[in-house]
Amino acid sequence: MSAATPPSSPVAAPLAEASLQAPALWRRMACWLYEAILLFGLVFIADYLFDTLSQSRHGLANRALRMGYLFVVFGIYFGWFWSRGQTLAQKTWHIRVVDARGRALSQPRALLRYLLAWLWFLPPLAAHQLGLPLFSTLALLLLWIVLWALASRLHPQQQFWHDQLAGTRLIHDTRPAPARRKP
């Protein structure tokens, strides 16, 4: 490389088409499950802050406001991490989210992906709002998640359909881990 050519960032430069293939479905779903565990901690902290600021003494107090607040907190969490390439769960499973050309996501595209990712949950939640009992809603949610995940098999690059709609994709992160400094 010549002195005039700056080194390119592996995320900023478009990636080769071969490196844009989706990780195996079981890895993506394991990452999804790990993300749910991490989000439990985020909800705990965010809910504590909400209860402290609103002086709520019961978990169902201000329920609609609380749900809206958590929706925004999740949006900030995912938007911030996805615009930097990956969440902690994705880092653990060596999965990165990029745009359709293999470049880092912009904040608006990360937000769009977040909104479209709610397609995983909206049909069962809508059924519950229309009067479906809780147990049936949970069963429908599980069935919907399985169907949504398996529908990625129908995509040409095995991507989830919300990624197709958002112009994003999940890829295997092949970048080497940064070297550790010696003490």
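**Salt bridges**

Modeller: The side chains of arginine 103 and aspartate 99 form a salt bridge, with N and O 3.2 Å apart. Bear in mind that this is a predicted model.

Colleague: Is aspartate 99 buried or exposed?

Modeller: The cut-off for buried is under 20% relative accessible area. Aspartate 99 has 8% relative accessibility, so the residue counts as buried.

Colleague: And arginine 103, what is its relative accessible area?

Modeller: Arginine 103 falls between the limits of 20% and 50%, so it is classed as partly exposed. Its relative accessible area is 29%.

Colleague: Which strand holds aspartate 99?

Modeller: The strand in question covers residues 95-99. Aspartate 99 is found there, in strand E1.

Colleague: Which backbone nitrogens does the side chain of aspartate 99 reach?

Modeller: One belongs to arginine 101, at 3.0 Å. The side chain of aspartate 99 also reaches a backbone nitrogen at 2.8 Å, that of arginine 103.

Colleague: Which residues is aspartate 99 in contact with, leaving aside neighbours within four places in sequence?

Modeller: Contact here takes heavy atoms within 4.5 Å. With those neighbours left aside, the residues in contact with aspartate 99 are Ala104, Leu105, Arg109, Gly167, Thr168 and Arg169.

Colleague: How many salt bridges are there in the whole structure?

Modeller: Side chains of opposite charge can pair when their charged atoms come close. A search of the whole structure gives a total of five.

Colleague: Which residue forms a salt bridge with aspartate 47?

Modeller: The closest N and O atoms of this pair are 2.8 Å apart. Aspartate 47 lies in helix H1 (residues 25-54) and its partner in helix H2 (residues 63-83), so the bridge ties together parts 19 residues apart in sequence. Both residues are buried. The partner is arginine 66.

Colleague: Which helix holds aspartate 51, which forms a salt bridge with arginine 66?

Modeller: Here too the closest N and O atoms are 2.8 Å apart. The pair links distant parts of the chain, 15 residues apart. Arginine 66 is in helix H2, and aspartate 51 is in helix H1.

Colleague: Which residues do salt bridges that share partners join into one network?

Modeller: Arginine 66 forms a salt bridge with aspartate 47. Arginine 66 also forms one with aspartate 51. The network joins Asp47, Asp51 and Arg66.

Technical notes: Residues are numbered from 1 along each chain as its sequence is written. This is a predicted model: local features need pLDDT of at least 70, side-chain atom pairs count only at pLDDT 80 or more; totals for chains, interfaces and linings use all residues. Side-chain values use heavy atoms; hydrogens and water are left out. A salt bridge is a side-chain nitrogen of Lys or Arg within 4 Å of a carboxyl oxygen of Asp or Glu. Helices (H or I, at least four residues) and strands (E, at least two) are DSSP runs, numbered from the N terminus. Buried means under 20% relative accessible area, exposed over 50%, partly exposed in between (1.4 Å probe, protein chains only). A polar contact is a pair of N or O atoms within 3.5 Å; within protein, one must be able to donate a hydrogen and the other to accept it, and residues adjacent in sequence count only if both atoms are side-chain atoms.
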